[in-house]
Amino acid sequence: MMGFENIVFYVFAAIMVFSASMVISVKNPVQASLFLVLTFFSCAAIWMLLEAEFLAITLVLVYVGAVMVLFLFVVMMLDINVARMRAAFIQYLPVGLAVLVTMAVMMFLVVGIDHFGLEQFAAPERQAADYNNTRELGLILYTVYVYPFEIAAVILLVAIIAAIALTLRRRPKTKYQNPDVQISVQRNDRIRMVKMNSEETK
């Protein structure tokens, strides 16, 4: 008899697989972004079943609330040629299918029945009611994985600095304002008093 938790897992897993397949097969880019949002929601629900509440909420807030909103703005502002995208999809379909089959075989070899499952690994124990997922994750990150965590933080910092440096490069024909010059301006620099003799009207 299948338990309620297993039913919920298979329902959200089926939704996630369906929405992920629609992301790469739907023709409208806006609809593809919305299907990707549904994929993230389904993945967050599965993480909730694994008692990883912090990761689930982070996935919803960061990816669904920030990254996907940015994707939707970019997709709607760009003039995307749907016909060209459709032709490219047909052109690269055999390569995509080959990569799909290769990844499916590799995943089956790694997480197959012989190497992964309850027969090989015992089911994790249920945590108590006062279990704090955020606190446990913080303890692991700052004790066991403190050096990889700091290295990843430095790499992300270098990437942010590089992105800012590439964005702020000076272009000769670009018009921009200098706030320092605007603030330090004086009255005599902008106003020129001209004295003219009055003329009589005829």
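Visitor: How do I read the relative accessible area of Phe 40: buried or exposed?

Guide: Start with the cut-offs: buried means under 20% relative accessible area, exposed means over 50%, and partly exposed is in between (1.4 Å probe, protein chains only). Phe 40 has a relative accessible area of 17%, so this residue is buried. Before we go on, this is a predicted model: local features need pLDDT of at least 70 and side-chain atom pairs count only at pLDDT 80 or more, while totals for chains, interfaces and linings use all residues. Residues are numbered from 1 along each chain as its sequence is written, and side-chain values use heavy atoms, with hydrogens and water left out.

Visitor: How much of the chain do buried residues make up?

Guide: Of the 202 residues in the chain, 12% are buried.

Visitor: And how many helices and strands are there in the chain?

Guide: Helices (H or I, at least four residues) and strands (E, at least two) are DSSP runs, numbered from the N terminus. Here you get nine helices and zero strands, and the pattern along the sequence reads α-α-α-α-α-α-α-α-α.

Visitor: Where should I look for aromatic pairs, and how many does the structure hold?

Guide: Rings of Phe, Tyr and Trp (its six-membered ring) pair if their centres lie within 6.5 Å; planes under 30 degrees apart count as stacked, over 60 as edge-to-face and the rest as tilted. The structure holds four such pairs. One of them is Phe 9 with Tyr 10, an edge-to-face pair with 5.4 Å centre to centre and 70° between the planes. Phe 9 is partly exposed, at 35% relative accessibility. Our Phe 40 pairs with Tyr 63: the ring centres are 5.3 Å apart and the planes are at 50°, so this pair is tilted. It links distant parts of the chain, as Phe 40 is in helix α2 and Tyr 63 in helix α3, 23 residues apart. Tyr 63 itself is partly exposed, with a relative accessible area of 40%.

Visitor: At what angle do the axes of α2 and α3 cross?

Guide: Two packed helices are described by the angle between their axes and the distance between the axes. Axes are lines fitted to C-alpha atoms, for helices over the stretch in contact, and angles run from 0 to 180 degrees between N-to-C directions. Angles under 35 degrees count as roughly parallel, over 145 as roughly antiparallel, 65 to 115 as roughly perpendicular and the rest as oblique. For α2 (residues 29-49) and α3 (residues 53-77), the axes come within 9 Å and cross at roughly 175°, so the two helices are roughly antiparallel.

Visitor: Which residues of α2 and α3 meet?

Guide: Contact means heavy atoms within 4.5 Å. On the α2 side the residues include Leu 36, Val 37, Phe 40, Phe 41 and Trp 47, and on the α3 side they include Leu 59, Val 60, Tyr 63 and Met 68. The residues of this contact divide into 21 nonpolar, one polar and one charged. For that sorting, Ala, Val, Leu, Ile, Met, Phe, Trp, Tyr, Cys and Pro count as nonpolar, Asp, Glu, Lys and Arg as charged, and the others, Gly among them, as polar.

Visitor: At what angle do α3 and α6 pack?

Guide: About 95°, with the axes of α3 and α6 (residues 133-141) 8 Å apart. These two helices are therefore roughly perpendicular. Glu 53, Phe 54 and Leu 55 of α3 make the contact with Asn 133, Thr 134 and Leu 137 of α6, a set of three nonpolar, two polar and one charged.
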